[in-house]
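Me: Could you take a close look at the salt bridges here and walk me through how they sit in the chain?

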Amino acid sequence: MARKIIIDTDPGQDDAVAILLALASPELDLLGLTCVAGNVPLALTAKNARIICELANRTDVPVYAGCDTPIARKLVTAEHVHGKTGLDGPTLPDPVMPVQDQLAVDFIIDTLRAAPAGTVTLCPLGPLTNIATAFHRAPDIVDRVQEIVLMGGAYFEVGNITPAAEFNIYVDPEAAKAVFAAGVPLVVLPLDVTHKALTTQPRVDAFRNLGTPVGQAVAEWTGFFERFDKEKYGSAGAPLHDPCVIAYLLQPDLFSGRHINVEIETASDLTLGMTVADWWRVTDRTPNALFIGDVDADRFFALLTERLAQL
Ligand SMILES: [Ca+2]
């Protein structure tokens, strides 16, 4: 039976690739996309999610709009990486499919209450505002979550939005703190691993060579934010962050990490949103996350390309 997932997302070109990978994978049953403010404001992430579904001819996937601001802070966005729309690159038509009337947080709560306990996995690809809000409003759902597999944080790679913090955690550190403390089985795909999943030229060419609208769009999306990232990191390509979450669900053996304690800094101005990961196990704090450190990047891109060819 396919594994039930909800993708919580702020598309984002790399979110788009992650969503497409999930749609192309029969092992996964995508119950819905819940959108959150992050890379760009909520109106755009909810629009972009629908553009992605329509590109894949999957207008059956319901798209929900969620929280438009972090729990306790002003929204910080990342147009400098993703462009004005959040999905700059290829020109794609405005979506026709609607946003659902139900709000994202209510959808998350209702879905977890309706499904048998331990059968729904949450896949956050943006700030954790929707998930933390759902847990706060309906504490009974926390124990019903099978697993949370999220993209966020960093230890060895430290930060990408500040010298100390990764974007998703930085935007809503209070939400992240609540989710990391919730006691749900948690897998974290931090910059430490996503910075090893680089869109080198041969990998982007492989997307384009699929010869499909999806392959063309993915090549153009990765080409768009690559310009920024290559300059920033001096690397051979851009990190393809969010698809690592979906690839982990499909082939966890591509990844390796450590089960450790990870705490979120919410007080310091200087290191706000830092994921303080006890990688070297120097404290006796209780492990709360599988913190991934490595990926077989060639196999990851082979999986991604092979699956995208199905769309
Ligand atoms: Ca994202």
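Reply: E27, E306 and R307 are joined in a network of salt bridges (a side-chain nitrogen of Lys or Arg within 4 Å of a carboxyl oxygen of Asp or Glu). This is a predicted model, so local features need pLDDT of at least 70 and side-chain atom pairs count only at pLDDT 80 or more, while totals for chains, interfaces and linings use all residues. Residues are numbered from 1 along each chain as its sequence is written, and side-chain values use heavy atoms, with hydrogens and water left out.

(Helices are DSSP runs of H or I, at least four residues, and strands are runs of E, at least two, numbered from the N terminus.) R307 counts as buried at 11% relative accessibility, whereas E27 is partly exposed at 33%. Buried means under 20% relative accessible area, exposed over 50%, and partly exposed in between, with a 1.4 Å probe and protein chains only.

R203 belongs to helix α9 (residues 201-208), 95 residues away from D298. D298 is exposed at 57%, but R203 is buried at 15%.

Then there's R299, which bridges to D253 at 3.2 Å, N to O. R299 is in α12 too, and D253 lies in the loop between α11 and β7 (255-260), so parts 46 residues apart are tied together. Overall, the structure holds 12 salt bridges.
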